[in-house]
Amino acid sequence: MNRIALFPGSFDPITKGHENVIRRALPLFDEIVIGIGLNTQKQYMFSLEKRTEWIESIFAKEEMIRVETYEGLTVDFCKKINANYILRGLRTENDFEFEKNIAQMNHTMEPKIESIFIICDPKYSAITSTIVRDIIKNGSDASQFVPEEVIIQ
Ligand code: ADP
């Protein structure tokens, strides 16, 4: 059986923390689908096209990674793409509390789908897309927090 993992998120924008989690997960799976979740209630800073393009260029050399967008429940999208794993990153205990609830509810809904967590390297644990957006909104340079393929002008 192919081990397919979905890494869901907004990636607005993708950061070095996300990249760290995805690269470290590569040996664990046969395929990783980076799923950009579309939430009509949410306002994004970067267009879906930009976010997709950045992720594709960061992982251009990784044949086992592809990018998709989806709407609706993450477990429903997992079923659609035959993913048996949901990959998430953990930075802090706040992440843990938040992720624990989602993982438990997802597992109750779909017992065949397991959530797998990777704790990011310490140097990335303070990086959040929210703070990166704040830095950009205030006219400063956030390039040290995002992969070099993410070019923000
Ligand atoms: P969401 O909209 O679900 O919060 P994000 O794009 O912010 O989406 O995050 C997707 C996943 O990446 C989540 O599991 C989140 O905890 C994880 N993540 C975000 N930033 C980091 C980081 N710096 N290090 C490790 N994991 C991270």
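**Aromatic pairs and ligand contacts**

A search of the whole structure finds four aromatic pairs. The model is predicted: local features need pLDDT of at least 70, side-chain atom pairs count only at pLDDT 80 or more, and totals for chains, interfaces and linings use all residues. Residues are numbered from 1 along each chain as its sequence is written, and side-chain values use heavy atoms, with hydrogens and water left out.

Trainee: Is the pair of Phe29 and Tyr85 stacked or tilted?

Mentor: Rings of Phe, Tyr and Trp (its six-membered ring) pair if their centres lie within 6.5 Å; planes under 30 degrees apart count as stacked, over 60 as edge-to-face and the rest as tilted. Here the centres are 5.4 Å apart and the planes stand at 50°, so the pair of Phe29 and Tyr85 is tilted.

Trainee: How many residues apart are Phe29 and Tyr85?

Mentor: Phe29 lies in the loop between α1 (16-25) and β2 (31-38). Tyr85 belongs to strand β4 (residues 85-90), and the pair links distant parts of the chain, 56 residues apart.

Trainee: What share of the ligand's area does the protein bury?

Mentor: An oxygen atom of the ligand is 2.5 Å from an N or O atom in the side chain of Ser10. For the side chain of His18, the corresponding distance from a ligand oxygen is 3.2 Å. Taken alone the ligand exposes 550 Å² (Shrake-Rupley method, 1.4 Å probe), and the share buried by the protein is 86%.

Key
Helix = DSSP H or I, 4+ residues; strand = E, 2+ residues; numbered from the N terminus. Polar contact = N/O pair within 3.5 Å; in protein donor to acceptor, adjacent residues only side chain to side chain.
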